[in-house]
Amino acid sequence: MNLMHFIEPRDLTIDQYNDVFRLADDIFYHSQSYVDRLRGKILASLFFEPSTRTRISFEAAMLRLGGSVISIGDPKFSSLMKGETIDDTLRMVECYADICAIRHPENFTPHKLAPVLTSMNLINAGDGSNAHPTQTLTDLMTIRHTQGTLEGLKVGFCGDLKYGRTVHSLLSFMKENSDNTFVLISPPEVDLPQEYFKDLDPRRVEVIRDLDEAICDLDVLYMTRIQRERFEDPEEARRLRGSYHLDWSKLQKAKSTMSVLHPLPRVDEIAKEVDRDPRAQYFKQAHFGMIVRMALILYLLENK
Ligand code: NCD
């Protein structure tokens, strides 16, 4: 059996991304044709870290395909508290579910779990500060719909580039296209770690600390919050909070066609007044998140 998992953005080939996007577009325009597609199938939703959007978008995606959802609720009340290893938990979940979305605070947990599975597809819904590949699908679908392409774009990443796993995953996909260029906008304390510069021509990356200066010629501005739960020193996280604040006056300096994305939740990095600007795409992005997760679940289950 060919069991596919989606643990890192590069686990799908470009052709497979295109298949998923084609499916997602069809679901977007003809959602009624999909209401019964996964009747009888079960998604296990295992979240060992707080989540609002990602968890409910996975669950809504499965329900909208006619499937069902099981979850362990609060991990504090699961057998992990009795000393069960997470490997055993997953092997047990595999007896009940066809596909599983897992979020875990430790980097690389899904990577270690995938090899123990024999019949259940595993999707990484975020591992520590490492990766968040389904947010990347969400971001890419939003960029495709708002910019009409994933190529030849100037993308600004603003905020916490050290711990922001959504940034790491989106960058690792977008850098594959040599026509894309990047502007990194962060306080030095949370600069993008060196490992993400690998395979990236330095001429394609600029570091600009000032958002006012950086915003002028961007096609996409990807805002993020300070990931305070990942800081060793909570005082440092408090100090960095508020480093960047996108408001109406900054937006005036940007292209009229720029797309503002944010994986959400926002804290104080985007003023409410920006929500009314047609360039603000973050709520549409949350909607695309559910659609593209429907496409991914369908793709993985139907290609077993
Ligand atoms: C992101 C995450 O969990 O990494 N949120 C999300 O999945 N939409 C970003 C964040 O928490 O800041």
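**Close-up views: a cavity, a helix and a strand**

View 1. Searching the whole structure turns up one cavity of 30 Å³ or more. A cavity here is a set of points, on a 1 Å grid over the protein atoms alone, where a 1.4 Å probe fits but cannot get out. The largest cavity holds about 70 Å³ of space, a volume being the space filled by probe spheres set on the points, with grid points joined across faces, edges and corners. Its lining has 13 residues, and the closest to the centre are Arg53, Gln135, Thr138, Pro263 and Ala286; lining residues have an atom within 4 Å of a point. Helices H2 (53-64), H5 (133-147) and H10 (282-302) are the elements that give two or more residues each. By type, the lining splits into four nonpolar, seven polar and two charged residues (Ala, Val, Leu, Ile, Met, Phe, Trp, Tyr, Cys and Pro count as nonpolar, Asp, Glu, Lys and Arg as charged, and the others, Gly among them, as polar).

Keep in mind that this is a predicted model: local features need pLDDT of at least 70, side-chain atom pairs count only at pLDDT 80 or more, and totals for chains, interfaces and linings use all residues. Residues are numbered from 1 along each chain as its sequence is written, and side-chain values use heavy atoms, with hydrogens and water left out.

**View 2. Helix H10, end to end.** H10 gives the most to the cavity lining, with five residues. Helices (H or I, at least four residues) and strands (E, at least two) are DSSP runs, numbered from the N terminus. H10 is mostly covered, with 16 of its 21 residues buried (under 20% relative accessible area; exposed is over 50%, partly exposed in between; 1.4 Å probe, protein chains only).

**View 3. Strand S3 and its partners.** All six residues of S3 (99-104) are buried. Ile99, Ala101 and Arg103 sit on one side, Cys100, Ile102 and His104 on the other. S1 (42-47) runs parallel to S3, joined by five bridges, with Phe47 partnered to Arg103. S4 (121-127) also pairs with S3 in the parallel sense over five bridges, and Cys100 stands opposite Leu122. Strands pair if DSSP finds at least two bridges between them.

**View 4. Thr109 in helix H4.** Thr109 lies in H4 (109-113) and is buried, at 7% relative accessible area. Leaving aside neighbours within four places in sequence, Thr109 is in contact with Ile86, His104 and Asp127 (heavy atoms within 4.5 Å).

Key. On a 1 Å grid over the protein atoms alone, a cavity is a set of points where a 1.4 Å probe fits but cannot get out, and a pocket is an open set with protein on both sides within 12 Å along at least five of seven lines; lining residues have an atom within 4 Å of a point.
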